[in-house]
Structures are given as C-alpha cells and as structure tokens.
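Student: Could you take me on a close look at the place where the two chains meet? I would like one connected account, please.

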Amino acid sequence: LDTAEDFRRYVVLRQRALLRTAWLLTDDWQTAEDLVQTALIRAWPHWDRSGGGAGADAYVRRIMINKSTDWRRRRWRGEVPTEFLPDVASRGSDAELQHMLVLAVRALPPRQRAVMVLRYFDDLSEIETAAAMGCAVGTVKSQTSKALANLRHQPVLVDLQPLGSAR
Amino acid sequence: MSRHLGELLKGAVPEPARVLNADELMRTARSRNAPPRWAGPVVATVFLVAAVAIAVPQVVARWGHVASTPGVADVPLRLSALDRRVPLGPVAVGAMDRTALAHPGEGSLVATLGQEQVYLIEAVGDQLCLLEVNESYGSAGSGCFPRSDLLTTGIVLSTLAPDSSTMLLAVAVPDGYTVATSGGRSAVVVSNVAVLDLVSSQTKLTVSGSAMPSVTFDLGKSAILPGGSAPETPGSAAKGALSDLARSAQLYAQEHGSTAGFADKIKADAGPVVSTKFRSLTDTSAVADLGAGRRLTVDLLSGAIDEGAC
C-alpha cells in the first residue's frame, strides 16, 4: 500500500474508536471530531514513520492527548463552572451510573482525565499510557491514583473498581 | 456493589453520531501540510545574497561578509552530499532547465519538509545550486552561486511566509560544518545543508563546526524582507528554537534511520548553548522554559509543540 492509501484505510477503520476516545477526552461530538481530525492531519506528514497499525494508533493517540490537554487547559483558565454533580445520587441503573461516571471523568483535571481514558477505556498498559502522554510510568501511576480518588468522591462511584480492563 | 471502571466507561460512550469523510480528511491533510511558507505563488521565493553581492558592488560594501576568522581560506570547499545524487522529479528538472548542470537530471536531496524538498545541485563552472521544489504543487525556487561563495558571502536560499513575518532558510556549507545559528536559533547541518525557521528580522547567520572557523553571513535584511517584521517574544523564540530542533531531528532521522544519538550529537556540536536554550533534550523530545513556571515541550518526531508538563 502506498502511504496515502494506508492513511485513508486507517481513517476508515479506526475513526470510530478514535472518535469515542475523543468524546471522552472532550465534552461533545463536535469537539471530538475536531480533535480526531486535528490529530490525523498532524500525523499525516509523518505517516511513513508511524509504523502503521498499533504504531499509528499510538502516534495519533499521543497527538490527541496533547491537543485535548492543551485545548482544555485554555478553557480551564477562563471557564466558570455552571453545572455541578449532585452531592447525593441514588444508585440506579447502569445507564445512570455511566452518565455520572462520564460527568465525573470530564470534571477531572486534564491529565487525570487522559490517564483514565487511556487506561480504562482504551485498555492501555501503564507503559503505553506513559508513552501516549509523554511522561514517566510513575507519573501515570500517581495520576491514576489521584483520578480514582477524585472519582470516588462522588457517592455513586465510591465503590468503583479499577479492575477488568486496565493492564 | 462494585463496578468495573473499564466496563462502565465502555458502556457509557455512545457510538459516533456520524463518520468522518476519509477522502476529505486526506485532502485537508495534504493541503494543510503542503508547507505554506515554502510553496506556491504566494510565496516570494529566493533571495540571492551571493548573487546580489556579485552583481551590485555597492551592495557588497553594505551587506558583505561580516566576519570570518583566520583560516577560512584554508577550508576545503568539499561537499560530500554532492556525491549522493538522485534523479530529479519533473518539476525540479523544469526549474533547472536553464542551468547547465554538471550531472543533468540529478541532484542531492538534502532536506524534506512535508511535500517540499531541498536539493543541492552541482552546475558547470563550479557553481552550486540550492533548489526548493514541491513536485505535487508544481512550484520551485532556486539559486546558483560560485562554490567559492560558500564561506564568503554564503550560499543561501530562503522563502518568506506570505505575511513576511518568518522565513525558512537553507544554507549550504562545506564538510566539517555542523551547526547554523541565527537569532539564537540553531539547526544541525545534515548533508551539507542546514534549514532554519527564522523571524524575518534576523540579519545574521553563523555557521560553525568543531575545528572549523566560524563564519557569519549578513542576510541583507533591507533587501530581502520588505515590510515590517514582528518582534520576537520569549514564547515565539522558544517555539522557534524547538521547531528548529525538531526539524534538525527529522533530518537527522532521515539520514540515520532514527533519532537515536541525535541529542548527543546536538550537545557535542552546539555545546553549552543547548543547556541554556533547553531545559532538557533527549532523542525524542526537548523542553524549553518560558519562565513563570511555564514550559514548552516538543515531540521531535512530529514537531508538535505543547505547553506544560505531564
């Protein structure tokens, strides 16, 4: 395959997964699409060197993390929160729990949010997560710990178990 | 009731409402990454420091060679990259069709920036040409100078950004020269050529190498940069330095297959400048301080620059 065709096929095959990751990293589908497109466009000039397959995934994901953190940091400074999680919520259906979880993940600081998405949604190992975030494994561990602690501040998520997915 | 975070998260994320158009994305990627500062009719191409200096004697007096240390005349003007020729593409051939080349249809590919390529080409009469070409876009710019200009007035090719705020500059140097520096930015020489991205107000360019006499060229600011130029801020300077570093790393990777050893080479070539400009430098990334706790990190492979640390 030539580079262009390889890139095009990657977009077709992987965009769904990338968009879902981006949706968690951002706050809505429009921003998620922007994030994926930005990452792919930035990855294109170096596509030959991305290695294809998992290598391309890692490369695109790293750009997504960097850009989402950057975008969020900019908003972070000037944004006034207008919506808060309820202090008490009933332990209802999975759908409700999932909704609360998404809100709680989105309320995390950018790096904690990224580590949650990479470790528990994309199922990356600590080493892979560190590579995607451009930091040390120890930092991933500490960010994960902080993020889980923050999530568990929500009453409905207090018994959340970080098992079953992350390696 | 315990809940598994991974399972909950996966269940929480809906399917995308719509899909991306791969072909459209591909077109956008190609067009955005066709180096805007290097290509196209909007770019004013090529300043010919050496040619102008030769053609207009009074310019020599004003712009001429600024400084050269003793021993410059003894440096062999050999460029090993000229021995590694490849066939030129049709646009490149067309761009050089009025020049009598020493090896017709061939040139040495010395740098690739996106779709833009820079060739070093030998012409008859001991002339050296720098050619910048975008085969996809069909654009090219070139300049040919006597080899003897290498360490006197300099063999330099540059293009201005459409707004004239920055310029991308390629300088050819003989074997032994390893670094080109201007305005506090440095680029590693690869295949006898260094490429720098400069704020257009820069007027001096210095080339150096271990055991080689440093030489400074005057870029002739007033002649090549019409209009004003933006002042450089600490942030833009740091970004520029990181961009230059990333470009050098990419060129290094092209030549060596990876960036392994790049950091050591930079540190060896540029010496203490590295530690003053960059907080850290590895084979894959570099960090520059902006002050007030802010810092910029560059991914040397992609050139992506982000603010903040993990």
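Tutor: Happy to! Let's start with one pair: the side chains of A:Arg8 and B:Asp23 meet in a salt bridge, 3.6 Å from N to O; the term stands for a side-chain nitrogen of Lys or Arg within 4 Å of a carboxyl oxygen of Asp or Glu. This is a predicted model, where local features need pLDDT of at least 70, side-chain atom pairs count only at pLDDT 80 or more, and totals for chains, interfaces and linings use all residues. Residues are numbered from 1 along each chain as its sequence is written, chains are lettered from A in the order in which they are written, and side-chain values use heavy atoms, with hydrogens and water left out.

Between chain A and chain B the count is 5 salt bridges. On the chain A side, these elements each supply at least two residues that touch chain B: helix 1 (3-25), helix 2 (29-43), helix 4 (53-78), helix 5 (94-106), helix 6 (110-121), helix 8 (137-151) and strand 1 (160-161). Helices here are DSSP runs of H or I with at least four residues, strands are E runs of at least two, and both are numbered from the N terminus. Helix 1 of chain A gives the most to this side, with 11 residues.

Stepping back, the contact (heavy atoms within 4.5 Å) takes 54 residues from chain A and 41 residues from chain B. Together the two chains bury about 4,400 Å², 64% of it on carbon and sulfur atoms; buried area is the accessible area (1.4 Å probe) that two parts lose on being put together, summed over both.
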